[in-house]
Number of protein chains: 2
Amino acid sequence: MKLCMIGSRGHSYYVFESIHEIPGMSLPGISSGCGDSPQRLLDLAERNGFHPEVCSDWRAMLDKLKPDVVCIDGPFELHAEMCAESLKRGIHVFCEKPIALTLDQLEMVRAAHRKSSARIVSMVGLRYEPAFLQGARMVRGGAIGKLKLIRAQKSYKLGTRPDFYKHRETYGGTIPWVGSHAFDWILYFSGDTFESVTAVQSAEDNFGNGDLEIAALCQFRMRSGILASASIDYLRPGSAPTHGDDRVRAAGTEGVLEVRDGKIHLIDRNGEREIIPEQPDRRLFSDFLLELSGGRPALVSDEETFELTRACLLAREAADSGTMIHF
Amino acid sequence: MKLCMIGSRGHSYYVFESIHEIPGMSLPGISSGCGDSPQRLLDLAERNGFHPEVCSDWRAMLDKLKPDVVCIDGPFELHAEMCAESLKRGIHVFCEKPIALTLDQLEMVRAAHRKSSARIVSMVGLRYEPAFLQGARMVRGGAIGKLKLIRAQKSYKLGTRPDFYKHRETYGGTIPWVGSHAFDWILYFSGDTFESVTAVQSAEDNFGNGDLEIAALCQFRMRSGILASASIDYLRPGSAPTHGDDRVRAAGTEGVLEVRDGKIHLIDRNGEREIIPEQPDRRLFSDFLLELSGGRPALVSDEETFELTRACLLAREAADSGTMIHF
């Protein structure tokens with residue numbers, strides 16, 4: 001299969017994490033997709049043994065090289081257009097989340113997807129992290145009985161961010177960008193879909209980062225009645241031992257399971273214990289590609305990619321408008 | 001000073017935790033305040049060296065024994081009436097939270113308080129727990145810079161509950177009953193007041209406990225812009241090592257402080273560390289009584305008691321109505 005890559009603003013390195021697990025993958029072309037330098041992406045490709053052509057025009061690259069699949073990680077505000085153009089050409093899409101920054105953009109991608117035989121998934125890589133993957137499987141397998149309450153936390157170091165993070169038009173907001181991971185865990189652990197959301201956010205005290213919201217809270221009711229919340233912040237001190245403090249706490253009728261510090265903390269009828277997760281049997285990019293090649297079903301579906309993106313945009317709208325939004 | 005006690009449905013045992021720290025306290029009378037047996041309260045008093053008269057009529061007890069202060073812990077739905085009647089008689093009130101189950105009841109207590117020289121505080125004992133007390137002092141002292149985000153968790157074992165928990169009219173709901181502690185931590189850690197709230201709750205899968213909500217989530221914006229949330233549940237398994245899993249996580253511009261497992265976990269510019277809290281220099285009941293006797297100011301004010309009760313009732317209304325409520 002032929003892969004092309006557009007941009008490296010976010011998590012396109014996921015590709016190289018597992019590309020060698022897929023037999024016969026080639027990378028004939030890359031493009032920054034905008035005025036960004038393609039050097040970083042080119043270096044990454046070459047370190048992984050690929051020598052792609054660097055194309056200045058991403059559309060022309062798709063038309064000329066006719067890839068089977070494209071990795072989209074250009075400017076956030078162009079994700080949707082790049083997705084739609086790729087789907088129209090029958091090219092499978094592996095796109096940075098969120099795949100759209102507005103509901104109109106999302107509808108454009110959905111429309112292109114409906115008419116296409118190509119597939120799309122977004123980069124919800126944290127679903128594949130060992131403790132989250134195993135924790136979600138345990139919850140869905142009944143380890144805590146019927147799930148009633150789930151809380152997800154994303155806490156990041158702010159560090160120094162490129163300018164595009166400082167403007168809502170090019171960044172999209174902290175709820176979509178950081179919250180997407182938390183929402184994805186909620187979707188994955190619960191196996192449910194969102195019914196309503198309220199949210200609050202704050203861009204004050206953001207250390208000169210323009211529009212960037214430094215903290216946010218989102219609160220959901222799921223269709224089955226599960227209660228869910230996400231806590232999102234860039235307040236993790238630079239001195240902390242890891243970049244992110246990622247957590248999920250799931251409480252059910254027969255136990256409580258928590259993912260914290262990369263471990264699973266379980267309390268059930270047998271008492272309290274800590275579980276060191278096993279290494280996952282799959283990784284995000286190869287999981288998608290192997291399914292495309294006719295292998296086992298991947299963890300993420302196209303429908304979940306749309307549901308997740310919609311949740312990001314509606315939660316942001318709930319925060320912006322100070323209202324409750326129904327899905 | 002003379003104390004009378006009405007009922008022991010909740011946390012009236014707080015009285016005996018520190019009553020001997022107050023010189024010259026007497027306990028001439030107790031009453032169950034309703035059809036409940038007074039035996040449990042009488043036993044507790046006697047084990048602590050008091051031999052009160054047992055009165056069947058709580059009003060008659062107040063009129064006859066003329067206490068300086070009354071501990072109110074009768075039926076939840078009578079808290080407000082008992083508070084108002086005591087305040088009208090110039091008797092200081094130490095009342096189980098919430099002090100009212102409806103906004104009308106709360107207004108009745110406020111009106112009686114305005115006309116009285118007597119004071120009122122509710123039993124927000126968890127503010128006095130070592131790690132929470134010290135954690136709040138650290139946050140208010142600037143240990144994490146400017147507070148931006150605070151999350152409180154109350155997770156209890158359900159166990160077997162008396163019948164009055166099964167009816168909204170006599171229980172008041174899980175948001176007021178359990179959430180009050182979480183809201184009190186938010187008030188205390190932030191030194192701020194509430195601006196708006198949304199909430200979700202679920203009474204399904206409550207193991208046959210009638211109206212009792214087994215789980216709830218509340219999300220606040222504070223007046224200064226701080227974002228706050230509370231996670232409340234009765235889903236802690238019976239096998240867990242403690243009754244409650246009480247937590248607060250406070251994130252500010254210069255650090256993150258978390259209270260968990262009775263310890264303080266701090267990350268600031270100097271890195272990550274765990275702090276074993278010191279024994280508190282005060283306890284709830286004696287703190288109030290010593291202030292009444294002209295000593296140092298207590299941690300809880302009358303105004304906070306009203307603010308907390310209002311927050312409980314408005315958060316419950318937000319959950320019941322599925323709307324955002326502004327304070």
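## Exercises on a predicted two-chain model

**Exercise 1. Classify the ring pair A:Phe76 and A:Phe164 as stacked, tilted or edge-to-face.**

First, recall that a pair of aromatic rings is described by the distance of the centres and the angle of the planes. Next, check the distance: the centres are 5.1 Å apart, and the cut-off for a pair is 6.5 Å. Then check the angle: the planes stand at 70 degrees, so this pair is edge-to-face, since angles over 60 degrees count that way.

To finish, widen the view. A:Phe76 and A:Phe164 form one aromatic cluster with A:Tyr165, A:Tyr171 and A:Trp177. A:Arg161 lies over the face of A:Tyr165, 5.0 Å from the ring centre.

**Exercise 2. Check the length of helix H9 (residues 179–190) of chain A, then decide how enclosed the helix is.**

Count the residues: there are 12, and at 1.5 Å a residue they should span 16 Å. Compare that with the model, where the end C-alpha atoms are 16 Å apart, which agrees.

Now for burial: 12 of the 12 residues of H9(A) are buried, so the helix is largely enclosed by the rest of the structure. Among them are A:His181, A:Asp184 and A:Trp185. Just after H9(A), A:Gly191 has a positive phi of about 60 degrees.

**Exercise 3. Do the burial check for helix H6 (residues 130–140) of chain A, and say what covers the helix.**

Eight of the 11 residues are buried, so H6(A) is largely enclosed too. The buried residues include A:Phe132, A:Leu133 and A:Met138. Their cover includes E7, H9 and strands E11 (247–252), E12 (255–260), E13 (263–268) and E14 (271–275) of chain A. Just after this helix, A:Gly142 takes a positive phi of about 100 degrees.

**Exercise 4. Find the edge strands of the six-stranded open sheet in chain A.**

Write down the order: E3-E2-E1-E4-E5-E6, with parallel pairing. Then go to the edges, where you find strand E3 (53–54) and strand E6 (120–122). Each has a single partner strand, so one side of each is left without a neighbour in the sheet. Zoom in on E6(A): three bridges join it to strand E5 (residues 92–95), which runs parallel. A:Phe94 has A:Val121 in E6(A) as its bridge partner.

**Exercise 5. Is A:Ser286 buried or exposed?**

Locate A:Ser286 in helix H10 (residues 284–292) of chain A. Its relative accessibility is 1%, so A:Ser286 counts as buried. Then look at A:Ile19: A:Ser286 is 267 residues from it in sequence, but 6.2 Å away in space, C-alpha to C-alpha. Leaving out residues up to four places away in sequence, A:Ser286 touches A:Ser18, A:Glu21 and A:Ile22.

Technical notes
Residues numbered from 1 in each chain as written. Chains lettered and ligands numbered in written order. Predicted model: local features only at pLDDT ≥ 70, side-chain atom pairs only at ≥ 80, totals over all residues. Heavy atoms only, no water. Phe/Tyr/Trp six-rings, centres within 6.5 Å; stacked < 30°, edge-to-face > 60°. Lys NZ or Arg CZ within 6 Å of the ring centre and 35° of its normal. Helix = DSSP H or I, 4+ residues; strand = E, 2+ residues; numbered from the N terminus. Expected span 1.5 Å × (residues − 1). Buried < 20%, exposed > 50% of the residue type's maximum accessible area, 1.4 Å probe, protein only. Contact = heavy atoms within 4.5 Å. Pairing = 2+ DSSP bridges.
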